Amino acid sequence: MGRRPIIAGNWKLNPDSVEQARELADAVAEGDVGEVDVVLIPPAVFIAQVRQAVAGAGVAVGAQNMHPAANGAFTGEVSGSMLRSLGCAYVVCGHSERRGVFGETSEFVGEKVAAALQVGLTPILCCGETRSQRDGGSATAVVAQQLRDGLAALDAEAAARCVLAYEPVWAIGTGLTATPQQAEETHAFIRHWLVERFDRETAETIRIQYGGSVKPHNAAELLAQPNIDGALVGGASLKAESFLAIVGCASRS
Ligand code: PEP
């Protein structure tokens, strides 16, 4: 059986108000999600309202980040169980902006992935190389190291409950999408890496999203690739129309 496509919208630090968040979530909830797992990933402060807006619409809600600890002296952080209590089903771990702007290490990302699974959240573990790493020929080595650390604590059964997102850093928010061939090449590499690290069945179960300037005009060709099982969408998820158009592409892939 094929892997069910998963399209997630990472709203990042948007929109400005809870009213606008509600409006965007309402508009997505009115769309047709078909046979696609659709996830909205708003800022943490909007999760409860977004969850309410999409209830019954077949749309799940995720968080952009979490702290691995359950409680404690971690001012400004949120835990996995707090997110679960809001009805969150997914959490992004190791987005390149968390790694690059906030200095998160791959080991710390691995702690988040393990903690997320423990409370019943599905981690969306992000990996991807910078432009200079790609130009220097180390793209796959970088991705492999991020996966090795991000999945370090997991056995095959736990790994099978994760979603991965390959997001070349040079393609995020830049309008520069990896070509379908470039993306598929890395996704195939990741699939093979998963076979070696776990086993074939686990590797075939895990869904690997592509992220990096996915738009309605390029989504169909990316999603048609055999190892691309969905998309993590930033900019284009801030308009219901463009986000739902990408969901429609996944429905037909
Ligand atoms: C992202 O936020 O993960 C992302 C891929 O952003 P964009 O689609 O805007 O490149």
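Let's start with glycine 128 and its contacts: leaving aside neighbours within four places in sequence, glycine 128 is in contact with Val142, Val143, Gln146, Tyr166, Glu167, Pro168 and Val169. Please keep in mind that this is a predicted model. Where does glycine 128 lie? The residue is in the loop between β5, residues 122-127, and α6, residues 131-135. Its relative accessibility is 7%, so glycine 128 counts as buried, the cut-off being under 20%. For a sense of distance, take proline 5: it is 123 residues from glycine 128 in sequence, and the two C-alpha atoms are 20 Å apart in space.

Now for the partners of β6. With β5, the pairing is parallel and runs over four bridges. Within that pairing, cysteine 127 stands opposite tyrosine 166. With β7, β6 is again parallel, and four bridges join the two. Here leucine 164 is the residue opposite isoleucine 208.

Let me carry on along the strands. β7 also runs parallel to β8, joined by two bridges, and glycine 211 stands opposite leucine 232 of β8. On β8 itself, residues 230-233, Gly230 and Leu232 point one way while Ala231 and Val233 point the other, and all are buried. Strand β1, residues 6-10, pairs with β8 in the parallel sense over four bridges. In that pairing, glycine 9 has valine 233 as its bridge partner.

Back to tyrosine 166, as there is a ring to talk about. How many aromatic pairs does the structure hold? There is one. The pair is tyrosine 166 with tyrosine 210: the ring centres are 6.3 Å apart and the planes are at 55 degrees, so we call it tilted. Tyrosine 166 belongs to strand β6, residues 163-166, and tyrosine 210 to strand β7, residues 207-211, so the pair ties together parts that are 44 residues apart in sequence. Are these tyrosines buried or exposed? Tyrosine 166 is at 1% relative accessibility, so it counts as buried. Tyrosine 210, also at 1%, counts as buried too.

Next, the cysteines, which I expect some of you were going to ask about. How many disulfides are there, counting sulfur pairs within 2.5 Å? The count comes to zero. Cysteine 93 is in no disulfide, and its nearest cysteine sulfur, on cysteine 126, is 8.1 Å away. Cysteine 127 is in no disulfide either; its nearest cysteine sulfur is also that of cysteine 126, at 7.6 Å. As for burial, cysteine 93 has 0% relative accessibility and so counts as buried. Cysteine 127 is buried as well, with a relative accessible area of 3%.

Let's move to asparagine 65. This residue sits in the loop between β3, residues 59-63, and α3, residues 80-85. At 16% relative accessibility, asparagine 65 counts as buried, because the cut-off is under 20%. What does the side chain of asparagine 65 make a polar contact with? The partner is the side chain of lysine 112, at 2.6 Å. Setting aside residues up to four places away in sequence, asparagine 65 touches Glu77, Val78, Leu83, Val91, Val92, Arg98, Glu104 and Lys112.

Arginine 98 lies over the face of phenylalanine 102, at 4.1 Å from the ring centre. There is a further arrangement of this kind, with arginine 131 over the face of tryptophan 170, at 4.7 Å from the ring centre.

To finish, a look at helix α4, residues 96-102, where glycine 100 is found. Is glycine 100 buried or exposed? With 61% relative accessibility, glycine 100 counts as exposed. Glycine 100 and arginine 4 are 96 residues apart along the chain, and 31 Å separates their C-alpha atoms. Thanks, everyone, and over to you for questions.

Conventions:
Residues numbered from 1 in each chain as written. Predicted model: local features only at pLDDT ≥ 70, side-chain atom pairs only at ≥ 80, totals over all residues. Heavy atoms only, no water. Buried < 20%, exposed > 50% of the residue type's maximum accessible area, 1.4 Å probe, protein only. Polar contact = N/O pair within 3.5 Å; in protein donor to acceptor, adjacent residues only side chain to side chain. Contact = heavy atoms within 4.5 Å. Disulfide = S-S within 2.5 Å. Phe/Tyr/Trp six-rings, centres within 6.5 Å; stacked < 30°, edge-to-face > 60°. Lys NZ or Arg CZ within 6 Å of the ring centre and 35° of its normal. Pairing = 2+ DSSP bridges.
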